[in-house]
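Keep the sequence and the model side by side as you read. We will go through the structure one part at a time.

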Amino acid sequence: MTDLSHQIAKLRQQLEHANYQYYVLDDPSIPDAEYDRLFHQLKDIETQHPEWITPDSPTQRVGGAPLSAFSQVEHEVPMLSLGNAFNEEDMNDFNRRIKDRLNTTDTIRYACEPKLDGIAVSLLYENGILVRGATRGDGATGEDITQNVRTIPSIPLKLLGDQFPPILEVRGEVYMPKAGFDQLNQRARDNGDKLFVNPRNAAAGSLRQLDPKLTAARPLEFCCYSLGRVEGAEMPEYHSDILAQFGKWGFKTNPESKVVSGVAGCLDYYQALAQKRNALNYEIDGIVFKVDSISLQQKLGFVSRAPRWAIAHKFPAQEEMTTLEAIEFQVGRTGAITPVARLKPIFVGGVTVSNATLHNMDEVKRLDARIGDSVVIRRAGDVIPQIVKVVLENRPADAQMISLPKLCPVCQSHVERIDSEAVARCTGGLVCGAQRKEAIKHFASRKAMDIDGLGDKLVEQLVDEGHIDSFADLYHLTAEPVAQMERMGEKSANNLITAIAASKKTTLAKFLYALGIREVGVATAQNLAQHFGDLRPLVKAPLDALLAVEDVGPIVAQHVINFFAEPHNQKVIDELIRIGIHWPAIEVVAASDQPLLGETYVVTGTLAQMGRDQAKTYLQQLGAKVSGSVSSKTNALIAGEKAGSKLTKAQDLGIQVFDENAFLDLLSQHGITHGDEAE
Ligand code: 9MJ
């Protein structure tokens, strides 16, 4: 061997070994980066010396030129299909037929294998090198998919070891693991492409690509389960030993496979795997039981195209067809409106299903679902049942289009759907029964109305026990009924009522934030308050006025407009103001009067005389931008007590630092005296 051929052989051996460890044994031996490095080293040599390229080189997996059509392949040994058993009785019949035919009372040894739900494939090896891959087709003739099977990393291009028959045909299933399928469909959903109905369809579609580069991009695996043609060597007497031999040659075999004794052993195995089914990372649709002895298999032979010595005991189907009888729109805790399909009840995936989620209106459109349609329902594992397909051929003439309701089915507020968002929402956040608890929790929270002692649990309790239904109800609460509640007492009830009353004095920014307008967080609420100065001009603000506010874009602006346009919301606000919620007026400062315009400030540590939010409001009033982190763009840092890393960083960067007194001086220089607010 020359140095170069030696180097090539070594690289190929290292890469195939790493591949085998990763894809067949699920036990990676080297980091991905090292694999890539070795791969590129080999690729470089092969580019310079194309005469050295062989079909079993790991570089030849990536996919060559597209085909114009698949050619046909004759299977010398027919590829069989399997008869089905659906219950214990069918299994007992199967076992009895075998014993009768063999004229024996001996207990039969069965090899048990999970039945992978993919595509049956034949792989032909000549002198240990993969020379052909073919689909099953009708069992006698299939399609030549050699280019595509080469791209599947768990298929050896070259057998391991040197003790293999000169001609060996290995059969098994190409399948797509659940995680790969979910990722593929998520990507398709993100791109607005058509989704695959299930992993089996995805595997079939991926193998049927004329361009092997497309197959290479799909997460396919291969697991072997039977022997086809073999010439020039003796194979073991038991099917289970043949599978073990396949493992030694570098194939993936199913680790769940097991040999059992008699039909009782088969039924136990079936139960055990049924329990494990959801936890497997690939889909199975049943169990295959095979007589383990090859000589007994030969005695038993075939009927039509199915062997008498094997059977598929099926699990309950995960897909069924039923009728879409109606669509209801459910309102979630955050106002998201989800279409839910009401179905003619159907037994699927082991349970009776009468509802399926449709996610959002884009999904309804993508499926082109109409009321009255026949639909395919899939319930895989514990996942919520889904409509995966509409059977268009069955569409009745009076099938009804589905449209998003204009009004919320719970509170009759308007439904909004912003162009760029898939989800439609109820705009009646303050009044909608479906959103009430979340809305009140948010209203009471620290950065909103800051009602001390009114946490999430207590809000739930107050709503559940009928004490409050709205924000305004909070201000009508009295201590006596609250004191009677579980985990409350007179003192805590009194404290709560006092805290609620104290919250009436607030700031416009906090009040705006408390209203829970979509996409209006603390910073946006502050910008809005600062820009408009009071609620009235904000409520009436047209789109262009909102777009002039710092950091407000078209989506936020539209949410603000929709919120204030909803009469229910307006009523709630009016009531809160009547109850006495108030805030100090903010002087709207013209841009020319904003001395800190264009500067960026950061506030850190504890200020003795005001909260950090108040400090931020003052800075914004003066035109400064307030950022959360110190960088070279920061103009100054306001540092209270216990300032930590931000202070160190500012000092390192040589940024000006104001302590609280210096900050108060800065404010007064610009005409702001803290503590001077109108009550
Ligand atoms: C699957 N699909 O997992 C067979 N199969 O054997 C297993 N299919 C089979 N065996 C003979 N594990 C014909 C089909």
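Strands β21 (residues 600-604) and β23 (residues 636-639) pair in the parallel sense over four bridges. Two strands count as paired if DSSP finds at least two bridges between them. Helices (H or I, at least four residues) and strands (E, at least two) are DSSP runs, numbered from the N terminus. Opposite T604 stands A639 of β23.

This is a predicted model, in which local features need pLDDT of at least 70 and side-chain atom pairs count only at pLDDT 80 or more, while totals for chains, interfaces and linings use all residues. Residues are numbered from 1 along each chain as its sequence is written, and side-chain values use heavy atoms, with hydrogens and water left out.

The pair belongs to an open sheet of four strands, ordered β22-β21-β23-β24, with parallel pairing. Its edge strands are β22 (625-627) and β24 (656-658), and each pairs on one side only. From one strand to the next, the twist averages 30°. Helix α23 (residues 612-621) packs on this sheet and touches β21, β22 and β23. Contact here means heavy atoms within 4.5 Å. The direction of α23 makes about 165° with that of β21. Angles run from 0 to 180 degrees between N-to-C directions, and axes are lines fitted to C-alpha atoms, for helices over the stretch in contact. Helix α25 (residues 660-669) lies across β21, β23 and β24, at about 95° to β24.

Now take the other sheet. Four strands form an open sheet in the order β5-β4-β7-β8, with antiparallel pairing. The edges are β5 (129-135) and β8 (221-231); each has a single partner strand, so one side of each is left without a neighbour in the sheet. Here the twist averages 25° from one strand to the next. Strand β4 (residues 119-126) pairs with β5 over six antiparallel bridges. L123 has G133 in β5 as its bridge partner. Helix α6 (residues 199-207) lies across β4 and β7 (167-175), running at about 40° to β4. Helix α8 (residues 239-248) lies across β7 and β8, at about 110° to β8.

Next comes the ligand. Residues around the ligand include L80, E113, P114, L116, Y225 and K290, each with a heavy atom within 4 Å of it. Which of them make polar contacts, meaning pairs of N or O atoms within 3.5 Å? An N or O atom in the side chain of E113 is 2.8 Å from a nitrogen atom of the ligand.

How values were computed: Polar contact = N/O pair within 3.5 Å; in protein donor to acceptor, adjacent residues only side chain to side chain.
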